Amino acid sequence: MVADPDICVVVPSHDRPRLLGRLLDALAAQRLRRARWEAVVVHDCGPDGTEELLREHPLTAAGVLRHHSLPPGTGTAARMRNVGWRAARGRFVAFTDDDCRPDPGWVGAALAVAAEHPWTIVQGRTEPDAVDPSLPRRGSLRRTMRIAPPTKESETCNMVYPRDLLEALDGFDERFRHAGEDVDLAYRAKAAGAGHLAAPDLVVRHATEYPRLRERLRDTRKSAELAEVVRRHPDYRYAAYHPLGLFAKPIHARLVLAAAGLAAAPRHPAAALLALPYAQLLHAHLRQRPERRLRRAGALSALAAAEVAHAARGSARARSLYL
């Protein structure tokens with residue numbers, strides 16, 4: 001009888017077959033003996049080549065990779081991760097995303113650290129990946145991630161959970177549609193007595209992309225979920241930079257201040273000075289990237305305004321102000 005693997009890598013995927021292929025190749029290069037680990041990919045892609053990629057990848061032929069398909073467009077990250085970990089056979093579940101590439105020792109190191117620290121969530125380090133010339137460059141703003149653990153967000157691009165802890169908590173709350181499910185799960189885990197361990201030697205590399213502005217604007221929907229996180233877990237307000245516990249990012253606080261100042265300026269001209277902190281922040285960001293400054297400034301401001309607008313909508317819904 002073949003023994004169950006010790007750890008399972010769970011990956012949600014949505015309409016990114018090229019990046020998913022890079023991830024699968026990185027998993028194929030893992031140094032841990034394949035009998036000790038498995039991977040489960042859950043996707044809701046249409047006819048974009050994802051299904052064929054998963055069926056034909058060498059990890060599938062080796063019996064390491066399994067996948068589950070949801071109807072196109074019906075999956076959220078929370079739902080796909082739940083399907084994935086519930087299909088897992090190992091004692092531990094390592095979560096990453098389809099736009100990441102784990103280093104070759106990642107799975108083995110994740111298993112070793114998790115096994116030494118039962119009833120603990122383990123958070124690894126995420127670094128920006130080198131720009132891949134095969135990925136199209138459509139926009140002027142870079143999108144990637146740099147995460148030095150431990151973080152209050154407990155991002156599931158590089159997290160390991162004991163499977164029995166996931167079972168005790170019933171996994172991710174699928175009422176979070178766009179974001180917040182990983183923060184909520186980590187806070188519930190810690191409330192249940194779980195530890196939160198930083199493991200900077202567990203490294204994944206997040207893709208560096210330059211998407212169109214409309215794609216970035218679509219991503220700002222995530223801001224609407226954070227007020228619900230704050231309502232459930234009040235400590236989240238003050239876990240990092242939060243003036244008065246009201247703002248998620250420095251740029252949000254300064255943008256709201258600038259808007260208030262400019263609105264009051266026709267009657268009180270001195271109020272326009274309230275826009276200076278926002279202008280200074282914008283200048284500091286663009287000074288490092290001198291090309292196409294006006295275009296970048298407009299894009300940054302549009303993104304910040306969209307995030308604040310979504311956050312205001314989420315705050316009204318959750319009855320908890322968090323912008």
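1. A nonpolar core is a set of buried Ala, Val, Leu, Ile, Met, Phe, Trp, Tyr and Cys residues joined through side-chain atoms within 4.5 Å. Buried means under 20% relative accessible area, exposed over 50%, and partly exposed in between (1.4 Å probe, protein chains only). The largest such core here has 31 residues, of which Ile7, Val9, Leu27, Trp37 and Val160 touch the most other members. At least two residues of this core come from each of β1 (7-13), α1 (17-28), β2 (37-43), β4 (92-95), α5 (106-116) and β8 (195-206). Helix α5 gives the largest share, 6 residues. Apart from this core lies another, of 22 residues, which includes Val10, Ala78, Met159 and Leu185. In soluble globular proteins, nonpolar side chains tend to be buried together.

2. On sources: this is a predicted model, in which local features need pLDDT of at least 70 and side-chain atom pairs count only at pLDDT 80 or more, while totals for chains, interfaces and linings use all residues. Residues are numbered from 1 along each chain as its sequence is written, and side-chain values use heavy atoms, with hydrogens and water left out. Helices (H or I, at least four residues) and strands (E, at least two) are DSSP runs, numbered from the N terminus.

3. Strand pairing. Two strands pair if DSSP finds at least two bridges between them. Strands β6 (120-128) and β8 run parallel and are joined by 9 bridges; Gln123 stands opposite Ala198 in β8. Strand β5 (residues 100-102) and β8 run antiparallel, with 3 bridges. Arg101 has Arg205 in β8 as its bridge partner.

4. Helix α4 and Glu174. The buried residues of α4 (residues 77-87) are Ala78, Met80, Arg81, Asn82, Gly84, Trp85 and Ala87. They pack against β1, β2, β3 (65-69), β4, α6 (163-169) and α7 (181-191). Glu174, in the loop between α6 and α7, is partly exposed at 34% relative accessible area. Contact means heavy atoms within 4.5 Å; leaving out residues up to four places away in sequence, Glu174 touches Ala78, Arg79, Asn82 and Arg86. The side chains of Glu174 and Asn82 also make a polar contact, at 2.9 Å. That term stands for a pair of N or O atoms within 3.5 Å; within protein, one must be able to donate a hydrogen and the other to accept it, and residues adjacent in sequence count only if both atoms are side-chain atoms.

5. Arg216. A polar atom of the Arg216 side chain lies 3.4 Å from the backbone oxygen of Arg142.

6. Backbone points to check by eye. The peptide bond from Pro149 to Pro150 is cis, with omega near 0°, and Pro150 is in the loop between β6 and β7 (159-162). Ser154, in the loop between β6 and β7, has a positive phi near 50° and is buried, at 0% relative accessible area. Trp119, in the loop between α5 and β6, has a positive phi of about 55° although it is not a glycine; Trp119 is partly exposed, at 31%.
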